[in-house]
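I opened the model to look up a few local features. My entries follow.

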Amino acid sequence: MFTTESVIGVIGAGTMGAGIAQVAAKAGHPVLLFDAAEGAAARGREGVLKGLQKLVSRGKMTAEAVDALVGRIQVINSLEEMAPAALVLEAIVERLDVKQSVFGQLEDICSEQTVLATNTSSISVTAIGSTLKRPQNLVGMHFFNPAPIMKLVEVISGLDTKPEIADAIFELSASWGKKPVHAKSTPGFIVNRVARPFYAEGFRISQEGGADNATIDAVIREAGGFRMGPFELTDLIGHDVNYAVTSSVFAAYYNDQRFLPSLIQLELVNAGHFGRKTGKGFYDYSEGAEKPQPQTAAPAAKPASVTIEGELGVAEPLVALFEAAGVEVVRTEGDGRIQVGDATLMLTNGQFSTVRATEISNPNLIHFDLALDYAQASRIALAPADKADAKAIEQATGLFQAAGKAVSVIDDIPGMIVMRTLAMLANEGFDAVNQQVCNEEAVDIAMQGGVNYPRGPISWANAVGLSRILNVLRNLGGSYGEDRYRPSPLLLRKVARGRQS
C-alpha cells in the first residue's frame, strides 16, 4: 500500500511530531510537516537537523546523509498542502474535539484513499473516528518518545478501522525499523494499561512501610533488571503526567481496583512536586541535594555450609554461586528451601513471611525475592518473619553476600518487591490478551520496546512458572482481601491446562 515514494504528512512539530517526521524521512519518504503555531514547523525541522548534526560529530552519520534526510522534510503552512499525502499522522494536543476537527478537514482535503493516523496515547480511536465520513481509514499509530530511538509502535484499530488499513500501517512501521504490535482501541492500549502495576505496587510497598523508596528502586534495578525503579522513573516522567494517565485508565475501566491511583503520588501532585522538572518529587533534585541510598546490610560472615532441600526452581542458579564462593552445598529431598545455620530461606510466595512461618512452625523463616537472573543480579531483598532472630538474619545475609549480592533486609510485606511487581504485570498482560486487546507476543514486544522492560512479562512469568505466579496472586489476594489481586481468567485456564495429564 505504501512505498518510499508515498508522501507522509505529519501534523504537530513538537518533540513527538518532529521525531516521527525524522523517522519517515530516514526511511526515504518525502515528508510534509505542519504545525498550527506560526514558525513551529520550521523550528521542528531545525531541531531534527541539530540533533542529527550531533551524530555527525560522533561519526555515526555523514553530513551528506543528514542533508538528504532533512531535505526530505518540507515545511508547509496550511492543512490544504497535505493533499498529496498517502498517510497523514497527527501528533497534536490530547483533545478529542481538536483531533476530530483536524481529521474532518483532512477528509475534505486529501483523497478518499488517504490513511489518517493518530498518535494519541489515551483517546479512543473509535471516538475520534465517530464524526468522520470515512472512519474505516482512521488508525492509531502510537509512537513512544523519543520516536527516532524507541522501537515500539502500537497499531490501534478502532471499531470501524479496516483490517487491511491496520495491516498496512503495521507493515509500514516495520519497514521504518520499528517493532509494531496490533491492538484494539481500549483504554491504555497495551503499554499504558499493562505498565500500571509497575508504579502501583512500588508505591504501595512504600506507603505500607515495606521498604524506603531508594531501596525499592535499587531492588527493582539490581535484582529485577529494570533500568529504573518506580520512584525515579515517575520523577522523570512527571507526576502530573503519570498520575493523570493512571487516573484516566482507572476511570475508563469503571474504577477497577487494579488501576487504583496512589495517594502518595496524589500528595506530590497536590504539592506541585512533579519530579525532575520542578526540582522535587520522590527525590530532591535541587543543587547539592544528596540522593538517598538503598538500605544495605553490613558485611556478615560467610557460612561454611548450606543445605538445599529439594529443587529451587527459578532460583536454582544460586546453588552454583554458593559452590563457587566456597560454601559446601549439601542436597537433600524437600520442598524447595535453603537451610543455613538457624535460618530457613524460601522464595516469596505472596504471603507474609510471618504467616508462612506460623504455617510451617518455623519462626526463623526468611523470604527472599525474585531476581531476573540470580547469576547476574547484584542485589537481593530478604524479608524475615517477625520472630526471626538476629542470628538467623545475619546467617542468611552472609550466605547471599558470599554469592556476590548486596543484601537489603526489608520489612515483612506480601510478595516482596520484584515478585509482586512481575506477578501483577504478567496478570495484567494475560488479562489484556483474555479481553482480546492483543496477543501474548504483542504484550511482551510492547513492554520491552515501549518501556524498556528487561524481559516481556508473559515470557518472564512462564520462566518463573505460571503455577507459582498464580499462587503469588492468590496469596496477595488473601493477604489484602482485595479484588485488586484477582487472577486473570486466562492465567487460571493456562495453569489448569498445564496440570492436565
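UniProt positions are in the numbering used here, feature names are shortened, and annotations may be inferred rather than shown by experiment. I noted that this is a predicted model, where local features need pLDDT of at least 70, side-chain atom pairs count only at pLDDT 80 or more, and totals for chains, interfaces and linings use all residues. Residues are numbered from 1 along each chain as its sequence is written, and side-chain values use heavy atoms, with hydrogens and water left out.

Entry, the annotated span. I found "domain: 3-hydroxyacyl-CoA dehydrogenase NAD binding" at residues 8–185 in UniProt, from an unreviewed entry. I read 40% helix and 21% strand for residues 8–185, with end C-alpha atoms 23 Å apart. Helices (H or I, at least four residues) and strands (E, at least two) are DSSP runs, numbered from the N terminus.

Entry, strand S4. Which strands pair with S4? Strand S1 (residues 8–11) does, parallel, over 4 bridges. S5 (residues 115–118) does too, also parallel, over 4 bridges. Pairing takes at least two DSSP bridges between two strands. Val10 has Leu89 of S4 as its bridge partner. Glu90 stands opposite Thr118 in S5. From S4 the chain runs through helix H4 (residues 96–109) to S5, a right-handed β-α-β crossover. Right-handed means that, with the strands pointing away from the viewer, the path from the first strand over the helix to the second runs clockwise.

I then checked the faces of S4 (residues 87–90). Leu87 and Leu89 on one side, and Val88 and Glu90 on the other, are all buried. Buried means under 20% relative accessible area, exposed over 50%, partly exposed in between (1.4 Å probe, protein chains only).
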